Amino acid sequence: MTSKYSPIIEEAVTEQVRAVDPDADAEQEAGILTSLVRGLIGSVLIGERTPQQAVELVDRQLDRVFGDEGRRRR
């Protein structure tokens, strides 16, 4: 079941991607990021990964999307 907030969150992430890189496929990048986070929630809950590992994976993907510009904004 999807949350009623999922589209709102994905749109917010899309706006952030677009703000940092207007040439990026912002919708696709937002879809990847939000899906990654949703998947990692379950992975942490069942013990596949530690919370720290999940944060490291998200940080890596954020660096891939936003690069140095994104790191300065965080």
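Is glutamate 48 buried, partly exposed or exposed? With a relative accessibility of 54%, glutamate 48 counts as exposed, where exposed denotes over 50% relative accessible area, buried under 20%, and partly exposed the range in between (1.4 Å probe, protein chains only). The structure is a predicted model, in which local features need pLDDT of at least 70 and side-chain atom pairs count only at pLDDT 80 or more, whereas totals for chains, interfaces and linings use all residues. Residues are numbered from 1 along each chain as its sequence is written, and side-chain values use heavy atoms, with hydrogens and water left out.

Three salt bridges were found in a search of the whole structure, a salt bridge being a side-chain nitrogen of Lys or Arg within 4 Å of a carboxyl oxygen of Asp or Glu. Glutamate 48 takes part in one of them, with arginine 49 as its partner and an N to O distance of 3.9 Å. Arginine 49 is partly exposed, at 33% relative accessible area.

Glu15, Arg18 and Glu27 are joined in a salt-bridge network. Glutamate 15 and arginine 18 are about one helical turn apart because they are three residues apart in helix H1 (residues 6-20); helices are DSSP runs (H or I) of at least four residues and strands (E) of at least two, numbered from the N terminus.

The largest nonpolar core comprises ten residues, Val17, Val20, Ala26, Leu33, Leu40, Ala54, Val58, Leu62, Val65 and Phe66. Such a core is a set of buried Ala, Val, Leu, Ile, Met, Phe, Trp, Tyr and Cys residues joined through side-chain atoms within 4.5 Å. At least two residues of this core come from each of H1, helix H2 (26-45) and helix H3 (51-73). H3 provides the largest share, with five residues.

A nonpolar patch on the surface is formed by Val37, Ile41, Leu45 and Ile46, which together have about 430 Å² of accessible area, as given by the Shrake-Rupley method with a 1.4 Å probe, only the protein chains shown counting as cover for residues. Patches consist of residues with over 30% relative accessible area and no salt bridge, with nonpolar side chains (Val, Leu, Ile, Met, Phe, Trp, Tyr) joined within 5 Å and like charges within 9 Å. Isoleucine 41, one of the patch residues, is located in helix H2.
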